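Colleague: Before I use any of the labels on this model, I would like to hear the rule behind each one. Shall we go through them?

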Amino acid sequence: MPATFPRRRVLHLAAGAALIGAPAVWRSALAQSRPLRPTPSQTEGPFYPLDIPDDHDADLLRHGTLVTTRGTPATVEGSVVDLDGRAVRGAVVEIWQCDVDGVYNHPGDPRRHDPAFQGFGRTPVDADARWRFRTLRPVPYSGRTPHIHVKVRLGARELLTTQLYVEGDPGNERDFLWRRLRDDERALITVPFRPAADGVRATFPIVVRT
């Protein structure tokens with residue numbers, strides 16, 4: 001059954017969205033209103049790249065000269081702030097996920113990966129600590145509900161590794177990693193993928209300890 005999300009989830013997302021779009025003075029006021037909860041960490045999993053590919057930009061729908069035409073395009077975006085709501089400038093966000101057939105671009109997954117899907121991306125945040133990727137709406141594969149792996153770095157430090165889930169997906173309740181989380185933790189990393197003119201769109205505000 002679809003997950004129900006407590007009021008703190010609404011407050012967390014509202015604060016994150018406000019921090020993304022508000023002028024600096026508003027962000028400062030919002031940051032002082034209350035401390036934010038850190039985004040829960042989750043396992044990196046076995047398919048983080050052994051070597052970062054040459055093409056690792058924020059557009060995973062293009063891999064070199066190839067463009068994937070399979071699956072549902074998705075824009076995934078958000079911000080990186082600290083527990084006080086301040087932008088974490090200089091942060092770098094990485095994502096990686098399987099292709100539309102549930103295959104990772106990794107030697108540990110022996111199946112044939114869609115060569116047109118990049119599978120891994122990395123982008124620095126902008127001056128307001130915002131980030132954005134073009135990718136695919138995640139799909140399930142054997143034993144796992146749809147998810148996108150997310151990592152945040154600041155210089156040589158790794159601030160967070162987590163997984164982003166699709167709100168309302170029926171596979172969530174059967175997923176062993178999603179089920180290990182408390183309801184309030186699930187709410188912070190499970191977001192809606194809403195229809196948009198260019199596919200679907202999801203907003204994922206990230207809060208890290210610095």
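Modeller: Buried means under 20% relative accessible area, exposed over 50%, and partly exposed in between, with a 1.4 Å probe and protein chains only. By that rule W131 is buried, as is F133. This is a predicted model, in which local features need pLDDT of at least 70 and side-chain atom pairs count only at pLDDT 80 or more, while totals for chains, interfaces and linings use all residues. Residues are numbered from 1 along each chain as its sequence is written, and side-chain values use heavy atoms, with hydrogens and water left out.

Colleague: Why does Y48 count as buried? And what makes F120 count as buried?

Modeller: Y48 has 13% relative accessibility, which puts it in the buried class. F120 is at 3% and therefore also counts as buried.

Colleague: How many aromatic pairs are there?

Modeller: Rings of Phe, Tyr and Trp (its six-membered ring) pair if their centres lie within 6.5 Å; planes under 30 degrees apart are stacked, over 60 edge-to-face, and the rest tilted. This rule gives five aromatic pairs.

Colleague: Why is the pair of Y48 and F120 called edge-to-face?

Modeller: Its ring centres are 5.9 Å apart and its planes stand at 85°, so the pair is edge-to-face. Y48 is in the loop between α2 (24–33) and β1 (62–63), and F120 is in strand β5 (residues 120–124), so the pair ties together parts 72 residues apart in sequence. Helices (H or I, at least four residues) and strands (E, at least two) are DSSP runs, numbered from the N terminus. W131 and F133 also form an aromatic pair, at 5.9 Å centre to centre, but with 55° between the planes the pair is tilted. F47, Y104 and Y141 make up one aromatic cluster.

Colleague: What sits over the ring of Y48?

Modeller: The charged end of K151, 5.2 Å from the ring centre. The label requires NZ of Lys or CZ of Arg within 6 Å of the centre and within 35 degrees of the ring normal. R186 lies over the face of W178, 4.4 Å from the ring centre.

Colleague: What order do the five strands of the open sheet have?

Modeller: The order is β5-β4-β7-β8-β9, with mixed pairing. Two strands pair if DSSP finds at least two bridges between them.

Colleague: Why is one side of β5 and of β9 left without a neighbour?

Modeller: β5 and β9 (190–191) are at the edges of the sheet, and each has a single partner strand, so one side of each has no neighbour there. Strand β4 (residues 91–96) pairs with β5 in the antiparallel sense over five bridges, and E94 stands opposite R122 in β5.
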